[in-house]
Amino acid sequence: VNGNVNVVQCNIEMPNGNDNYGINWSGTPEGGVLNIKDTEISAYQCVNIYGLNRTVSIENCKLNAVNEHNDNYTGACVTVFEKASATVSINNCAMTTKSAANKAPEYGVAFGSVLGQTIYANVTIEKCSLNGETFSVNKNYAFGYIDNNMTNGSITIDGNRVVSK
């Protein structure tokens with residue numbers, strides 16, 4: 001998609017299973033804007049961003065990252081994946097993560113690359129919760145894969161820059 005996509009007042013629920021994305025924005029061409037507002041998404045990965053020069057706004061949403069199947073894959077409410085470059089704004093959202101016992105965790109926000117690709121991301125999180133508590137870098141499973149994959153960019157939570165590379 002190269003243009004604007006608006007997802008407003010939707011309910012997206014995917015069955016528990018490997019690679020069931022709520023919204024999977026991937027491929028070419030470069031660019032584009034994705035706006036998600038007043039929407040509830042329940043999936044193994046709620047919003048997956050893959051590609052160059054993406055702009056994503058997620059506002060007033062409920063994101064439920066659920067991994068109850070029997071595998072070792074990690075999912076998230078929001079994932080910036082592979083060779084992505086993205087500016088992501090997450091505002092006033094309730095994020096919930098749930099994993100099967102002894103399986104890979106679900107994260108609020110994850111940065112991932114199974115191919116060792118570079119990820120460039122600027123992520124701003126404002127007035128959000130994770131599992132019923134204020135979203136914070138110190139919460140368990142708030143973020144995943146940051147040190148290994150995000151090589152350029154920043155993460156800001158409620159006006160405080162918590163990661164800058």
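Me: Which residues does Ile90 touch, not counting residues up to four places away in sequence?
Reply: This is a predicted model. In it, Ile90 touches Ile58, Val78, Met95, Val109, Val123, Thr124, Ile125, Glu126 and Cys128, with residues up to four places away in sequence not counted.

Me: Which residues touch the most other members of the largest nonpolar core?
Reply: In soluble globular proteins, nonpolar side chains tend to be buried together. Here the largest nonpolar core has 38 residues, and Ile58, Ile90 and Phe135 touch the most other members. Strand E13, residues 119–126, gives the most to this core, with four residues.

Me: In what order do the five strands of the open sheet run?
Reply: Strands of a sheet pair through backbone hydrogen bonds, either parallel or antiparallel. In this open sheet the order is E3-E6-E9-E12-E16, and the pairing is parallel. Strand E3 (21–25) and strand E16 (143–144) are the edge strands, since each pairs on one side only.

Me: How many bridges join E3 and strand E6?
Reply: E3 pairs with strand E6 (residues 45–49) over four bridges, in the parallel sense. Tyr21 has Gln45 as its bridge partner in E6.

Me: Is Asn48 buried or exposed?
Reply: Asn48, which lies in strand E6, has a relative accessible area of 3%. Buried means under 20%, so Asn48 is buried. Leaving aside neighbours within four places in sequence, Asn48 is in contact with Tyr21, Ile23, Asn24, Trp25, Thr79 and Phe81.

Technical notes. Residues are numbered from 1 along each chain as its sequence is written. This is a predicted model: local features need pLDDT of at least 70, side-chain atom pairs count only at pLDDT 80 or more; totals for chains, interfaces and linings use all residues. Side-chain values use heavy atoms; hydrogens and water are left out. A nonpolar core is a set of buried Ala, Val, Leu, Ile, Met, Phe, Trp, Tyr and Cys residues joined through side-chain atoms within 4.5 Å. Buried means under 20% relative accessible area, exposed over 50%, partly exposed in between (1.4 Å probe, protein chains only). Helices (H or I, at least four residues) and strands (E, at least two) are DSSP runs, numbered from the N terminus. Contact means heavy atoms within 4.5 Å. Two strands pair if DSSP finds at least two bridges between them.
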